[in-house]
Each structure stands twice: as C-alpha cells, then as structure tokens.
Amino acid sequence: MKADAAQVWTKAWDAYLETLGLTVEGSLTSPEFLRLQRRTLDMLCGHRDLWLKAMMETAPQGGGRKRARRR
Amino acid sequence: MPGAAEQFRVRVGRTPSRLVRRDGAASLRFYPARGRTRKPPVFLVYAMVNRPFILDLLPGLSVVERLTAAGRPVYLLDWGEPREEDAGRGLDDYILGVLDRSIEAARRRSKVGSLHLAGYCEGGVFSLLYTALRPEKVRTLALLATPVDYKRMGTLSVWARRANFDAGRLARSYGNIPGSFLHAAFEVLKPFTSLRAEGEFLSKMLDGALSKEQQEHFLALERWKKEHVAHPGKAFAEVVRGLFQENRLLKNAFKVGGKAADLRRVKCPLFVAVGEKDHLVPPAAALPVTRLAASRDARVERVPVGHIGLSVSGRAHKELWPRYLDWIAERD
C-alpha cells in the first residue's frame with residue numbers, strides 16, 4: 001500500500017515537473033526572458049566591476065610596506 | 001554547496017594512460033593501444049567547457065577504451081582550467097599554439113606524418129579550423145556534434161544574438177568565464193531535466209531496481225556535469241562574436257590569428273556524427289560541414305541519441321564507434 005502510494009506520488013510529481021519544464025522552456029526566447037538575461041548580465045558584470053575596484057583601492061600600494069618598515 | 005552525487009566520487013578515466021606533455025593549463029595524455037600495433041593514432045580534442053573524461057567515463061562506456069582495445073593508440077588533449085593569465089589568450093593561441101604543438105608531439109612520438117583527428121563539440125570546431133590551417137598533418141577528420149551553422153542552434157542562437165549578449169563585457173569583467181555560468185545556461189535550456197533525472201534515480205535506487213553498474217553510470221555522469229571548467233575569456237568572446245553572432249564559419253570567413261581558415265582546404269576524408277536528439281547542436285547546425293569542406297570522401301552518421309550520447313550511450317558504443325574504427329582502418 002505504502003509502496004503503491006509512493007509510486008503514484010513519484011509519477012505525479014514527475015509529470016508536474018515535466019509540464020513545468022516545458023512551459024519554462026517555451027518562454028526562454030520570449031522578449032521578457034531576454035530582457036531578464038540582459039539585466040542579469042548587467043548586474044553580474046556591474047557587481048564584479050565594483051568588487052574589483054574596491055579590491056584595487058584596499059590593496060596595499062607599491063612601497064607601502066617599505067614606508068611601514070621605516071616607521 | 002556540493003550536490004548529492006558529487007559526494008560519491010565515482011572513479012572515472014580508468015583506461016591506463018601517461019601524461020606526455022604540459023602546455024600552460026593544458027595537458028596531453030597518451031593511451032597505448034592494447035597489443036602490438038603500428039597503426040596511426042587517433043588524436044581526440046574535447047570542448048573547453050567541460051572535463052574531457054566523458055570520453056573515458058567508465059569501463060564499457062569509454063571511447064578511449066574502445067579505440068585502444070581495437071589496437072589504436074590514442075592521444076587526448078585536456079585544455080585544463082585556465083589560469084588568470086589565460087584570459088587574454090585568443091583562439092589563435094589555442095588552435096595554432098597549444099593544439100598544433102600537441103599534434104606535433106603526437107606525430108613525433110608515433111613517427112607518423114599525419115594522424116586521425118577527432119573533435120567533439122567545440123573541440124570539433126577547433127579541429128575543423130586546425131585542419132583548414134594545417135591540412136598536411138591530418139589524415140582523417142572526425143567531427144562529433146560539431147556546429148558550423150550557429151544560427152541553427154535553437155535557444156542558444158537567440159541568447160547569443162548581439163542585442164542580447166555582450167560577451168566582450170563579460171570577458172572584461174570576469175577575465176575567464178566561470179564554468180558555473182556556462183553550466184547554469186546549459187541547465188536552463190532544459191528546465192528541471194536534471195531534477196527529474198535525480199528523482200528517478202533516487203526512486204529506482206530505493207526500490208532496488210538499479211544494478212551497481214547503472215548506479216555508477218548515473219553518478220559518473222552527474223560528476224561530469226557538475227565539474228565545470230572556466231572558458232578562457234578572450235577565446236570565449238571570439239567564439240560568441242565570430243561564430244554565434246556573425247556565423248563566420250558558415251560564410252567561410254573565419255580568421256584565426258589574422259589567417260583565414262578556408263574550409264575548402266579541408267580535403268581529407270571526413271566523418272560527421274550527429275545526435276538526432278541533440279538539443280545543443282542539432283543535426284541542422286552540424287551537417288552543413290559536408291558542403292563547406294572540400295572532402296570528396298565524407299561519411300555522415302546519425303545516431304538517435306542526445307549531445308553526450310555520442311560518447312556514453314550503449315547505442316553509440318554498439319554502432320557508431322565500431323563503424324568509426326572500420327572507417328579509419330580503411331584509410332590508414
């Protein structure tokens with residue numbers, strides 16, 4: 001009984017995921033998805049650029065160690 | 001966070017081999033043929049975006065093992081994980097540099113004038129361009145799931161359009177393109193497919209319906225899917241711009257390091273294999289190569305499998321690879 005119920009549930013869940021997958025797949029070339037793609041790339045690149053800039057600013061400058069040693 | 005399948009480290013790449021060359025991040029492995037043989041070797045080139053161990057996945061499902069068991073020595077080029085300094089290296093560095101030096105090493109070691117070159121997916125594109133530029137070093141060329149018409153790659157073609165995707169910006173910001181980005185894009189192409197496969201695997205395993213080999217096969221494939229490799233940034237931007245956005249291979253106008261790679265110079269025997277269910281490189285994107293190249297001796301094999309099925313399906317191992325072996329044997 002338990003095994004039967006688990007099998008029915010597994011099949012229903014798989015069918016649900018298949019339908020959902022096909023629906024999402026059908027929207028992957030829609031203008032809305034492509035806009036999302038462009039914005040995601042903008043955000044990722046912008047975030048990365050800011051992070052790199054911050055890293056450059058906080059990194060010790062050349063000669064910093066020498067000055068510190070002199071002090 | 002590692003996926004469940006990654007915690008079971010299935011041992012892949014078991015065919016005996018030795019490392020014969022390193023070239024930056026890349027390495028060249030040699031797999032000796034079983035038994036005494038003087039046959040010219042097969043030189044395998046895989047894509048940069050995944051690990052090449054898919055070609056030597058598990059005993060019984062290994063292209064390398066199948067070739068060496070038939071008395072054919074094999075070289076396999078692994079592009080490796082690009083280093084920071086590789087971000088600025090273009091396709092010319094890889095095709096006329098790393099690939100050419102590796103093929104030279106293989107030719108010297110095997111004492112042959114030319115060898116059987118076989119490229120898979122992006123590795124096929126590099127092999128095709130290489131053959132156009134150095135035809136004298138290639139005896140036969142096999143292209144597996146290799147695109148030449150980039151406008152016929154379905155969703156990927158739409159995503160890569162100039163209006164939708166600025167590969168140059170991505171490369172400038174990140175240097176090398178993280179493997180996780182490419183993996184995410186491939187996963188989104190077929191939403192929930194991995195999740196469904198994992199659910200099915202778990203359900204069958206709990207029912208005791210999977211043999212040890214079937215479990216190992218699934219886990220090895222999962223390991224391969226999740227071990228992504230970054231793509232060298234400049235080379236990535238060149239692929240997106242020149243191939244996807246300008247479709248230069250189809251127009252026979254692609255240049256490698258300023259040199260025109262004229263596909264009409266590809267005159268050697270050509271073996272083209274496509275997966276009829278391949279959603280990444282559909283047959284329509286791969287087959288035009290037979291009219292772009294000047295090879296008079298061209299063979300097309302259609303296999304009812306998906307993209308990686310050409311290397312790891314029982315069907316490919318029963319039909320495709322034995323046919324390839326016979327085909328090259330007739331052209332030794």
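User: Which residues of α9(B) are buried?
Analyst: In this predicted model, the buried residues of α9(B) are Gly233(B), Lys234(B), Ala235(B), Phe236(B), Ala237(B), Glu238(B), Val239(B), Val240(B), Leu243(B) and Phe244(B). Helix α9 of chain B covers residues 233–245, and ten of its 13 residues are buried, so the helix is largely enclosed by the rest of the structure.

User: What covers the buried residues of α9(B)?
Analyst: The covering elements include α2 (91–110), α4 (155–159) and α5 (167–174) of chain B.

User: And which residue just after α9(B) takes a positive phi?
Analyst: That residue is Asn247(B), with a phi of about 50°.

User: Turning to the largest nonpolar core, how many residues has it, and which have the most contacts inside it?
Analyst: The core holds 103 residues. Those with the most contacts inside it are Phe43(B), Leu44(B), Leu77(B), Leu99(B), Leu129(B), Leu141(B) and Leu310(B). In soluble globular proteins, nonpolar side chains tend to be buried together.

User: Which residues does Leu129(B) touch, leaving out those up to four places away in sequence?
Analyst: Leu129(B) touches Ile95(B), Phe254(B), Val256(B) and Ala261(B).

User: How many helices and strands are there in chain B?
Analyst: Chain B contains 13 helices and ten strands. Its radius of gyration is 19 Å, close to the 20 Å that the globule rule gives for 332 residues, so chain B is as compact as a globular protein of that length. The C-alpha trace of chain B spans about 55 × 55 × 35 Å along its principal axes, and 46% of the 332 residues count as buried.

User: How many residues does each chain bring to the contact?
Analyst: Chain A contributes 18 residues and chain B contributes 19 residues. On the side of chain A that touches chain B, α1 (2–26) and α2 (31–58) of chain A each supply at least two residues. The most comes from α1(A), with nine residues.

User: How do the residues on that side of chain A divide into nonpolar, polar and charged?
Analyst: Eight are nonpolar, four are polar and six are charged.

User: What pLDDT does chain A average?
Analyst: The average is 85, and 83% of the residues of chain A score at least 70.

User: Which element of chain A has the lowest mean pLDDT?
Analyst: Helix α3 (residues 64–70) of chain A has the lowest, at 49, whereas α2(A) has the highest, at 95. Over residues 67–71 of chain A, pLDDT stays under 50, and the model has zero contacts beyond four places in sequence for them. Where pLDDT is low, the predicted coordinates should not be read in detail.

Key. Residues are numbered from 1 along each chain as its sequence is written. Chains are lettered from A and ligands numbered from 1 in the order in which they are written. This is a predicted model: local features need pLDDT of at least 70, side-chain atom pairs count only at pLDDT 80 or more; totals for chains, interfaces and linings use all residues. Two residues are in contact if their C-beta atoms, placed from the backbone, lie within 7 Å. Helices (H or I, at least four residues) and strands (E, at least two) are DSSP runs, numbered from the N terminus. Ala, Val, Leu, Ile, Met, Phe, Trp, Tyr, Cys and Pro count as nonpolar, Asp, Glu, Lys and Arg as charged, and the others, Gly among them, as polar. A residue is buried if 20 or more other C-beta atoms lie within 10 Å of its own, exposed if 12 or fewer, and partly exposed in between; C-beta atoms are placed from the backbone. A nonpolar core is a set of buried Ala, Val, Leu, Ile, Met, Phe, Trp, Tyr and Cys residues joined through C-beta atoms within 7 Å. The radius of gyration is taken over C-alpha atoms; the globule rule is 2.2 Å times the number of residues to the power 0.38. pLDDT is the predictor's confidence in each residue, from 0 to 100.
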